[in-house]
Amino acid sequence: MSPPLYETIIQAIQKVIGPTEQFTPLHEPHFGGNEWAYVKECIDTGWVSSVGPFVDKFEAELAKVCCVNHAICVVNGTAALHVALLLAGVRSQEEVLIPALTFIATANAVSYLHATPHLIDSSKETLGVDPIKLDEYLDKIAELRADGCYNTQTGKRIAAIVPMHVFGHSVDMVTLNKVMEKWQIPVVEDAAESLGSTLNGKPLGSFGKLAALSFNGNKIMTTGGGGAILTNDPKLGKLAKHLTTTAKVPHPWAFEHDQVAFNYRMPNINAALGYAQLEQLPGFLKKKRALAKAYAKVFEHVDNLNFVREPEKCISNYWLNALLLDETIAEQRDQLLEQTNAQNIMTRPVWNLMNSLPMFKDTPQMDLSVALSLEKRLINIPSSVMLGAAYDT
Ligand SMILES: *Cc1c(COP(=O)(O)O)cnc(C)c1O
C-alpha cells in the first residue's frame, strides 16, 4: 500500500528543503548585501524621509531592470496600483476588468477610484486572465463607442484591464495586448509578484501602458513596505511623480500645490534597503529558479497533483511555488494544509476569489469556472530565496 498523500508531499518537500524541526515560512526576506551600509548612510546623513539620493538611484535602476523609461517609487504596491489606474484614465462609475483570482489589492485599488471591478476568468496554462475567453465574452456584452469600450449590460465604460501575473508566471500578454487594442481598453499590469520574470525575453511590467510593483516583505525583494509605478510614457511618468508627491509645484520655499493628490512617497531609508536588494536580484532569481527545478523534480512522479510550472515563453521568477491538486482530490486540500503546517512546513491556499468576498459578491463577472477550479486546488509551498541556495550551482 502506498503512503497517504500528505506523507508523500511532506517527504517530497523535506527532500528539497531539508529536515523541518524548525518552522519554514512561505517566503522570508534575505538580506545578504549592502543593506546595512546603505541604511546606515541614510541615518548618518539624516536623509531618512521622503526625498534623498537612494530614491533617485533606486528608481533609475528599477527602470533599467524592468526595461521601462520611468519608475516611480511609492509607499506600497496598492498605492502604485491606485495611481496607475488613475493615470490610465479610470474615473468614478466606470468598470475595470480584473481577474477574479487575485490578491485583494487589485480590487481595492479599483474601488478607491469609485470604479467597479468586473471579474474575469483565468487560464489553466498561466493562472492569469484568459485573453481568448475574455474576447469572446466582450463580443457578447461590450460595444465600442467614440470614447471607448462600454458594457452594454450596465451602460458603464470599461476603462482599463489589470492582468495579474500569478506567483510570477506571465499572463499571455501578447494575445491580451492584441485583444485589448481591438477593444481600446488600456492595460495596467499588476506585476506585484513578478519582478524579474520575462515573457519572450521582455520583463513583465513593461507590456502595459503602466504597471505596479510591490516590495512588501514577502515579495521577491523588499523595501520593508513599498511599491513602484512603471511606464514608458514620459508624460505619465512625470504625472505619476507629481500625483504621488502631493502635487507640489517645485519652488524654493512656497507651498504651491496644483491639485488634490497623494502623499505616497517612498522614504529614502526604504529606497536604500531596496537599492541593496535590487543589486542582489539576479542572484535571488537564480536561487528561486533552482529551488523550483528541485521541487519540479521531486513532484514529477507524485500522483494526483502537479507542480505549477512557468508558461511557455515565460521565464518566471517563481515567486511562490505551488502545487495544483487534481480535481479528484480537491476536497483533500484543507487536510493537506493542516498536515503540512503541523509538520512545520508553511503552506497556504490561494486567495479566495474576489466574488466570494462580501464587498464584491454582486460585482459584474463573467463565467469563472476555471478560476473556481484553480482556487480550490492550489497550495503554495515554501519558496524563500535561501531555500534555493543549495541548488544554485
Ligand atoms: C503584494 C501584492 C500587491 C501589493 O501589495 P502591497 O502590500 O500593497 O505592496 C498587489 N497585487 C498583488 C497581486 C500582490 O500580490
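Modeller: Residues are numbered from 1 along each chain as its sequence is written. The model is predicted, so local features need pLDDT of at least 70 and side-chain atom pairs pLDDT 80 or more, totals for chains, interfaces and linings use all residues, and side-chain values use heavy atoms, without hydrogens and water.

Colleague: Why do S7 and strand S10 count as paired?

Modeller: Two strands (DSSP runs of E, at least two residues, numbered from the N terminus) pair if DSSP finds at least two bridges between them. S7 and S10 (residues 210-214) have three, in the parallel sense, so they pair. Glu189 stands opposite Ala211 in S10.

Colleague: What makes S1 and S7 the edge strands?

Modeller: The open sheet runs S1-S11-S10-S7, with mixed pairing. Strand S1 (70-74) and strand S7 (188-190) each pair on one side only.

Colleague: How do you know that helix H8 packs on the sheet?

Modeller: Contact means heavy atoms within 4.5 Å, and H8 (residues 234-244; helices are DSSP runs of H or I, at least four residues) touches S1, S10 and S11.

Colleague: Which helix gives the most to its lining?

Modeller: Lining residues have an atom within 4 Å of a point, and H11 (333-342) gives three.

Technical notes
Axes are lines fitted to C-alpha atoms, for helices over the stretch in contact, and angles run from 0 to 180 degrees between N-to-C directions.
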